[in-house]
Amino acid sequence: MTIQKFFYMHPEIKIWLKDIELSIREIHEFLPHNATYSAFQKDLKTRKAVERNIEIIGEAMSRIREIEPDILIFDSRKIVDTRNRIIHGYDSVSSDVIWLIITRYLPILEKEVTELLK
């Protein structure tokens, strides 16, 4: 089934992909252009804002996977697992893990979501 046909049948998926896109944009806005891990680690407000947006991304991904478990998004299961860990294991989430997500995995997700929304 093509993505376009899928969206026609399930318009809520497009809404959730747009939620992911918005959360990624907000994460970029929260972080200065040349952000460093050290600065991020010391900035409680930014860390909490980023974590909240990762929670939103994970929840949107969970909803998408319920309808279309084979969606073409790299590590979609890990995205949901990360959301669950932030919410339920909040005391075990370190800023270095969040930083890794921002720097390594968020750009991949951003490209995939942009492509799916075309």
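Figure 1. Helices are DSSP runs of H or I with at least four residues, numbered from the N terminus. The model shown is predicted.

**Figure 2. The largest pocket and its space.** The largest pocket holds about 290 Å³ of space. Its lining draws two or more residues from each of helix H4 (44-67), helix H5 (76-88) and helix H6 (95-117). H6 gives the most, with 6 residues.

**Figure 3. Close-up of the pocket lining.** In this view, 13 residues line the largest pocket. Nearest its centre lie Lys-78, Ile-79, Thr-82, Ile-101 and Tyr-105. By class, 9 of the lining residues are nonpolar, 1 is polar and 3 are charged.

**Figure 4. Helix H5 along its length.** H5 has 13 residues. From its first C-alpha to its last, H5 reaches 18 Å. That is close to the 18 Å expected at 1.5 Å a residue.

**Figure 5. The buried side of H5.** Ser-76, Ile-79, Val-80, Arg-83 and Ile-86 are the buried residues of H5. They lie on the same side of H5 because they cover an arc of only 125° around the axis. What covers these buried residues includes H4 and H6.

**Figure 6. The other side of H5.** Here Lys-78 and His-88 are exposed. Lys-78 is also one of the residues nearest the centre of the largest pocket. Ile-79, another of the residues nearest that centre, is among the buried residues of H5.

Methods
Residues numbered from 1 in each chain as written. Predicted model: local features only at pLDDT ≥ 70, side-chain atom pairs only at ≥ 80, totals over all residues. Heavy atoms only, no water. 1 Å grid on protein atoms, 1.4 Å probe; cavity = no way out; pocket = protein on both sides within 12 Å on 5 of 7 lines; lining within 4 Å. Points joined across faces, edges and corners; volume = space filled by probe spheres on them. Nonpolar A, V, L, I, M, F, W, Y, C, P; charged D, E, K, R; others polar. Expected span 1.5 Å × (residues − 1). Buried < 20%, exposed > 50% of the residue type's maximum accessible area, 1.4 Å probe, protein only. Arc of directions from axis to C-beta. Contact = heavy atoms within 4.5 Å.
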